[in-house]
Every structure is written in structure tokens, then in C-alpha cells.
Amino acid sequence: MKTLINTIPKLQALKAQGEKIACMTAYDASFASVLAQVGMDMILVGDSLGMVTQGYPNTLSVSVEDMIYHTQAVRRGAPTQVVISDLPFMSYSDEQAAKTNATRLMQAGANMVKLEGGGTDIDATVSSLTRWGIPVCAHLGLTPQSVHTLGGYKVQGKTAHEAEQILTDANALEEAGAALLVLECVPAALAKTVSDTLSIPVIGIGAGVDCDGQVLVIYDALGIGEYIPSFAHNFLAETNAVDKALSAYIRAVKDKTFPT
Ligand code: KIV
């Protein structure tokens, strides 16, 4: 593998310097290559691919094989970008499964795996993967693999009790060794508290401007799709070229004009 333009310590340094981290999803070599050209700090091969590339109503149908296929494609398109790959639904339901499946994603070209949720079982899995040299990105707030338990794609952490739970889970995940945290669809004030409390970078999506960075589904940033979340922005509409749109996203994240 060629030398990465970013590493986990460099991402930590960006947080320490107060420079926002720009991340976007990609699922294929062509978009990954444009993300590399414009200098995206990280690329997420999200299991959102089940919805945006496979046409499923949620992420639950995505398999480890799907993730491997798309991770390999993204790695070929972006040889020097930090690539995070999602462990799909039920692929980390016990520690052994997590180790086996995370290993397969790392061997497919990921630099880090992402898993959803908090609590003692997940903390133990994060700790075990980290001990074995597999960096982990945690994911709290709206965790799409739990869409049925949550009753839909809704903002999380709105009550004081829920907010407290998210903060407790975030601290425990950092303690367990998580290298990054994605915080999805939580009130901006809660996202700020979590970002200020944790020393690892907190990457927000629908979580306000005060996170240490932002992640967006590339199709949402380009205005493609039936359902585009209200927190997204169509960067293509004002730029008329994919590379310019993605550069505009990076600039907007760095100068804190996105999200509004
Ligand atoms: O799967 C995905 O794309 C994600 C982002 C929405 C954070 O998890």
C-alpha cells in the first residue's frame, strides 16, 4: 500500500489544532478517486451502500461480502486516503465474529472499521479489536442498524436522560480504545458537549457544526436520490462539476459554514 496522506495520529492532531476533519462516503473506485484528488481527509465505505447503491429501504441487508467488494473498489480508487469500512448488521454480534469480519475488511483495504452502538458488549469488542491492531470508529446517536428498535430515522438524545446515556457511552467507547466517534442526528448542543469532552475526533452527521469534523453520504452531497436528509446540502447545484462540489464541501467543513 502507498503511504497514507493521513493517519490516525494525524487525525488526532487535526482535532488538537482545531482543524475540522472532512469525511465523505464512497462505494466505488471512480468516486473514491475524485475524493482523493480533492484531498478528502477520510473516506467512509458506509453500509448506507445498501440504500444508495442497492436500493434497499435500510442497511440491514448488507453483507460482509458486499462490504469487502466495495472496500476493495474504494481502496483501488484512493490508494492514499484513510478508508473506514462499516461492519454490517450482525457481523460483530460476538467478539469472535467481530475479529473475523474486521480482519476481512482490513485485508480488503480498510484502515479502520466502524461499528454501531454502545454498552458493555460493544465496549469489550472495541477493546479486543484495538488490542489486536484494528482501529475502531464507534457510532452513536441514530444508529441505522437499529432502525426498527428506534422506530425510524429520528433525532436521538433529545431528553436529558438520552443525552446523558450518549455521553456515558461515548466516554466508555473512548476508554475502550475507539479511535474516532461518528455522532449521527443528535442535537447540536449535545454533539458539542461530546466533542469537547472526548479527546478522540468526533465526526458529526446531522449533529451541528461544533463536532471535530463532518461526514456526508456522497449521493446526498450531490443531490441524488429520492430521500435526502434535511441536514444535507446539494453542493453540485452551485458548482456544476463533481470535483468542484466535493472541494466546496471540504471548504465548507473546514471554514465551518457546513452544516448550517
Ligand atoms: O453508512 C453510512 O454511510 C454511515 C454514515 C451515515 C455515517 O454510517
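Here is a short tour of the ligand and the pockets.

## Before we start

This is a predicted model, so local features need pLDDT of at least 70, side-chain atom pairs count only at pLDDT 80 or more, and totals for chains, interfaces and linings use all residues. Residues are numbered from 1 along each chain as its sequence is written, and side-chain values use heavy atoms, with hydrogens and water left out.

## Who surrounds the ligand?

The ligand is surrounded by 13 residues, and the closest are Gly46, Asp47, Ser48, Asp86 and Lys114.

Now for the polar contacts (pairs of N or O atoms within 3.5 Å). The side chain of Lys114 has an N or O atom 2.8 Å from an oxygen atom of the ligand. For Asp86, the side-chain N or O atom is 3.1 Å from a ligand oxygen, and a polar side-chain atom of Asp47 also lies 3.1 Å from an oxygen atom of the ligand. On its own the ligand has 260 Å² of accessible area, and the protein covers 95% of that (Shrake-Rupley method, 1.4 Å probe).

## The largest pocket

Where does the ligand sit? The space it takes is the largest pocket, and "sits in" asks for more than half of its atoms within 2 Å of the pocket's grid points. A pocket is an open set of points on a 1 Å grid over the protein atoms alone, where a 1.4 Å probe fits, with protein on both sides within 12 Å along at least five of seven lines; lining residues have an atom within 4 Å of a point.

This pocket holds about 810 Å³ of space, a volume filled by probe spheres set on the points. It is lined by 35 residues, and Met51, Val217, Asp220, Tyr227 and Pro229 are the closest to its centre. The lining divides into 19 nonpolar, 8 polar and 8 charged residues.

## The second largest pocket

The second largest pocket has a volume of about 230 Å³. Among its 13 lining residues, Gly141, Leu150, Gln156, Ile166 and Asp169 are the closest to the centre. Helix H8 (160–176) and strand E5 (136–141) each supply at least two lining residues (helices, at least four residues, and strands, at least two, are DSSP runs). H8 gives the most, with 4 residues.

Terms used: Near = heavy atom within 4 Å. Polar contact = N/O pair within 3.5 Å; in protein donor to acceptor, adjacent residues only side chain to side chain. Nonpolar A, V, L, I, M, F, W, Y, C, P; charged D, E, K, R; others polar.
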